[in-house]
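These are my notebook entries on one structure. I looked up helix faces, loops and surface details in turn.

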Amino acid sequence: MEGLKAILERRSYRVYKDAPVPEDVIGNLLKAGMYAPSAMNSQPWEFLVVRDAVKLAALSEIISQWSMLKKAPLCMIVMANANGYRASTAEFFIQDCACSSMCILLAAQAQGLGGVYLGLYPKEKEMDKVRTLFGIPSHIMPFSVLSIGYPDKMIQPHKNFHKHKVHTDTY
């Protein structure tokens, strides 16, 4: 089962080969992000694809843990469009954009890419810096930054299944 394999083998990759990500692969990543589940199918997400080395370097300076963006061939910023919310779904944009981000990272893994989820929301000061850098309107909320590329070397997956964290029918 390829989907389960991608989930179990996914790791956070911060070092990439110097190789561009082809357009069709980027299209697949975006499609995966748009196929994520969302509250009442609200789909509040929008995406910013960044390949420009100067912009990636500037983005890497916003938060110190984002240094890998300097050498990443690709970054995707998952954003929430506040104008698209219905009153019944507005509070769910966090889960919706997190699901979208994860779908992109799993699609990256399934296509031989590696990536790392870089948290942004709810850091208002940093979100404003991202808005300024990319000219993002105020009603669009930068949520997460995904650094993506072909891994420099493969990392062995963790063994994360811990039976003591599973409860059945009652705690």
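I called a residue buried under 20% relative accessible area, exposed over 50% and partly exposed in between, with a 1.4 Å probe and protein chains only. I took helices (H or I, at least four residues) and strands (E, at least two) as DSSP runs, numbered from the N terminus. The model is predicted, so I note that local features need pLDDT of at least 70 and side-chain atom pairs count only at pLDDT 80 or more, while totals for chains, interfaces and linings use all residues. Residues are numbered from 1 along each chain as its sequence is written, and side-chain values use heavy atoms, with hydrogens and water left out.

**Entry 1: helix α5**

I looked up which residues of α5 are buried and found Glu126, Met127, Val130, Arg131 and Phe134. They lie on the same side of α5, because they cover an arc of only 145° around the axis; the arc is that of the directions from the helix axis to the C-beta atoms. An α-helix has 3.6 residues a turn, so residues three or four places apart point the same way. On the face turned away from the buried side of α5, I found the exposed residues Lys125 and Thr132. The buried residues of α5 pack against β1, α3 (53-60), β2 (74-81) and β4 (140-149); contact here means heavy atoms within 4.5 Å. After α5 comes Gly135, with a positive phi near 65°.

I also checked the loop between β3 (114-119) and α5 (124-134), where Pro122 is found. The peptide bond from Tyr121 to Pro122 is cis, with omega near 10°.

**Entry 2: helix α3**

In α3, I recorded Leu56, Leu59 and Ser60 as buried. They line one face of the helix, since they fall within an arc of 100° when α3 is seen down its axis. Their cover includes β1, β2, α5 and β4. What caps the N-terminal end of α3? Asp52 does, with a side-chain oxygen 3.1 Å from the backbone nitrogen of Val54.

**Entry 3: the loop between α2 and β1**

I next examined Asn41, in the loop between α2 (23-34) and β1 (45-50). Its phi is near 55°, a positive value in a residue other than glycine, and Asn41 counts as exposed because its relative accessibility is 52%. Gln43 lies in the loop between α2 and β1 and has a positive phi of about 45°, although it is not a glycine. Gln43 counts as partly exposed, at 38% relative accessibility.

Is Ser42 buried or exposed? I found it buried, at 15% relative accessibility. The side chain of Ser42 makes a polar contact with the side chain of Asp96 at 3.3 Å. By polar contact I mean a pair of N or O atoms within 3.5 Å; within protein, one must be able to donate a hydrogen and the other to accept it, and residues adjacent in sequence count only if both atoms are side-chain atoms.

**Entry 4: Ser12**

I located Ser12 in the loop between α1 (2-9) and α2. Ser12 is partly exposed, with a relative accessible area of 25%. Not counting residues up to four places away in sequence, Ser12 touches Gly115, Val116 and Ile155. Its C-alpha atom is separated by 16 Å from that of Lys70, 58 residues apart along the chain.
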